[in-house]
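Hi everyone, thanks for coming along. Have a look at the structure first.

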Amino acid sequence: MKHPSLKIKLASAGLVSVLVVLSGFSLYLYFNTRQHLLSLALDGLQGQALLISSEISQKLAADPGADIDSLAQVQSVALGKRVTIIDSLGRVLGDSDEDAAGLKAMDNHLGRPEIAQARQKGRGHTVRYSRSLKLEMIYFAVPIMRKNALWGYCRIAWPWEGLINYQRHLLAGVILGLVLSAALLWLLVSLAWHPEIEAIRDIEQTSRRLSSGDLKARAPLTKGSRETALVAQTLNQLAQSWEGTVNDLSEQRSNLAAVLEGMSEGVITLDQRQVIKMVNHAAAEMFGLDPGQAAGRLLLEAIRSPIMEQLVKEQREWIELEWEKKFYIVRIAAIVDQGSLRGWVLVSSDITRLKMLERIRKDFVANVSHELKTPLSAINGFSEALLDGALNDRGQLEDFLGRINAQSLRMSKLVNDLLELSAIESGNYTLNQVPSAVGPLLERAVDNLQPRIAEKGHLVQTDDQTGQQPVQMDLDKMASALGNLLDNAVKYAPQNSRIDLAAEIRENTLILSVSDNGPGISRENLPRLFERFYRVDRARSREMGGTGLGLAIVKHIAELHGGSAGAESVLGKGSRFWIKIPRASHS
């Protein structure tokens with residue numbers, strides 16, 4: 001809807017006010033002037049009529065047969081007005097504007113208003129249109145007395161047209177004054193209200209900019225009146241407050257967005273219809289969602305899991321969800337605003353690692369229990385056999401005690417390996433790394449196992465190609481790791497086999513390797529060789545006295561030195577185990 005401008009409204013109101021006031025004043029002036037002019041005319045006519053009446057009375061007293069029409073003609077010429085003499089019966093005896101024939105044709109004037117008033121009140125007048133003269137005339141009449149008796153009437157007529165012309169000129173002057181007043185008012189409105197209108201226009205434009213989001217917009221305070229400046233100041237204060245509130249909300253929103261994006265937990269917000277409102281980065285990765293496209297979709301449509309929908313419908317506190325081979329715990333919280341439910345927040349945590357650790361823990365407990373159970377059962381059996389009578393048999397006694405001792409040593413080694421592995425994984429395993437030559441490390445490993453090497457008739461060939469270059473390492477821990485690899489080779493290589501123990505430095509990396517020509521390891525078992533308690537052949541391993549923890553310890557020691565451990569093997573042709581550590585390793 002289009003509204004007229006303030007300037008038009010102010011000018012229109014001013015013009016209407018001026019028109020009403022001046023029109024009222026003009027009407028008052030018109031009627032008051034008419035009455036005043038009529039009163040002045042009547043005063044003049046009265047004096048003239050009385051004078052003529054007195055003169056006719058004197059003429060009639062001196063000559064009762066005086067020519068009345070001639071007297072009317074003389075008086076008319078003297079006054080410049082129409083003079084009519086009427087007897088008491090209403091007959092016209094003389095008229096300055098009529099000849100003798102006209103006199104005879106004139107009506108009886110006794111019923112004329114001015115004559116009737118003169119007969120009753122001593123004088124009378126009227127303003128009416130004269131059909132004979134075709135003009136509006138003022139008629140004034142007074143009685144003519146003769147010997148204290150009414151003889152007739154003297155009437156003077158004067159055209160009213162002159163007074164009307166005067167009124168018309170006066171009205172034209174008033175209309176001209178109105179036009180000039182309107183023009184002057186328009187000019188004053190334009191000059192006086194222009195700054196005010198400009199100030200209001202600035203306030204309106206500022207309001208538009210604020211409503212369109214430009215919170216920096218401010219209205220000028222130097223235009224218009226004090227009132228408009230006060231309105232502009234109030235608008236600026238409101239804009240400043242609004243800007244501060246919006247900035248605070250924006251900062252809070254940014255902080256919240258940063259927190260949500262930085263969370264490892266996935267967060268999804270829903271409205272009452274289970275339509276997704278927001279998905280953070282973690283939730284998008286967990287459930288394979290595109291945050292930009294997920295918003296606006298139903299939960300069940302985006303994540304096709306009836307369990308998730310069931311969580312919302314049944315208002316359960318949490319559920320455990322398996323999704324794409326991973327495990328999550330999803331918790332739900334209601335969004336309540338002023339007592340009304342507005343939606344829900346779903347928070348999901350990845351518990352896949354916890355599940356894996358729980359499985360490892362269970363496997364570890366089961367493996368340790370099993371590893372301890374076997375030697376304990378053997379010790380228990382041999383002990384019972386001795387108590388049942390074998391104690392008296394010297395041969396059986398020595399045999400059983402030897403077996404009990406072997407099982408005890410196996411349990412002791414298992415416990416020591418567990419303690420060493422626990423120390424490594426808990427971070428309490430410290431290294432004493434110093435620059436060391438590799439040759440003594442190879443000799444130490446061979447010397448420690450020399451009795452068993454000799455027992456199985458193996459030939460161990462060492463090949464040190466490091467050129468005596470020192471390597472930063474913990475000599476004891478590396479000797480233990482290398483000894484584990486050599487011990488396995490001694491165990492599983494056939495009798496009288498050759499075992500190669502080599503060392504070289506390649507690309508500033510020390511490579512220690514143990515090669516044998518044993519039965520080899522199948523390809524599917526190679527990736528799991530360094531897991532705790534993993535054995536390719538469990539029965540043979542236990543028979544060989546292995547604990548299943550040696551390769552796991554080797555791998556940890558290599559990693560503590562900043563390196564790695566691995567194996568390569570061909571089934572039926574032998575295996576090669578290696579340790580790689582940087583020459584200048586870090587603890």
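A crossing of two helices is left-handed if the near helix is turned anticlockwise from the far one by less than a right angle, and right-handed if clockwise. Helices here (H or I, at least four residues) are DSSP runs, numbered from the N terminus. Please keep in mind that this is a predicted model, where local features need pLDDT of at least 70, side-chain atom pairs count only at pLDDT 80 or more, and totals for chains, interfaces and linings use all residues. Residues are numbered from 1 along each chain as its sequence is written, and side-chain values use heavy atoms, leaving out hydrogens and water.

Let's start with helix 5 and helix 6. Helix 5 crosses helix 6 in the left-handed sense. Their axes (lines fitted to C-alpha atoms over the stretch in contact) lie 10 Å apart, at an angle of about 10°; angles run from 0 to 180 degrees between N-to-C directions. Helix 5 and helix 6 are therefore roughly parallel, since angles under 35 degrees count as roughly parallel, over 145 as roughly antiparallel, 65 to 115 as roughly perpendicular and the rest as oblique. Contact means heavy atoms within 4.5 Å. In helix 5, the residues that meet helix 6 include Glu-196, Ile-200 and Leu-210, and their partners in helix 6 include Val-231 and Trp-242.

Next, helix 11 (residues 352-387) and helix 12 (residues 394-426). This pair packs at about 160°, with axes 9 Å apart. Helix 11 and helix 12 are therefore roughly antiparallel to each other, and their crossing is left-handed.

Which way does helix 13 cross helix 15? That crossing is right-handed. Helix 13 (residues 439-448) and helix 15 (residues 475-492) have axes 9 Å apart and an angle of about 50°, which makes helix 13 oblique to helix 15. Among the contact residues are Leu-441 and Arg-444 of helix 13, with Asp-476 and Met-478 of helix 15.

Finally, the cavity. On a 1 Å grid over the protein atoms alone, a cavity is a set of points where a 1.4 Å probe fits but cannot get out, and lining residues have an atom within 4 Å of a point. A volume is the space filled by probe spheres set on the points, which are joined across faces, edges and corners. There is one cavity of 30 Å³ or more, and the largest cavity holds about 40 Å³. Its lining includes Ser-26, Tyr-30 and Gln-167. Helix 5 comes back here, giving the largest share of that lining, four residues.

Notes. 1 Å grid on protein atoms, 1.4 Å probe; cavity = no way out; pocket = protein on both sides within 12 Å on 5 of 7 lines; lining within 4 Å. Helix = DSSP H or I, 4+ residues; strand = E, 2+ residues; numbered from the N terminus.
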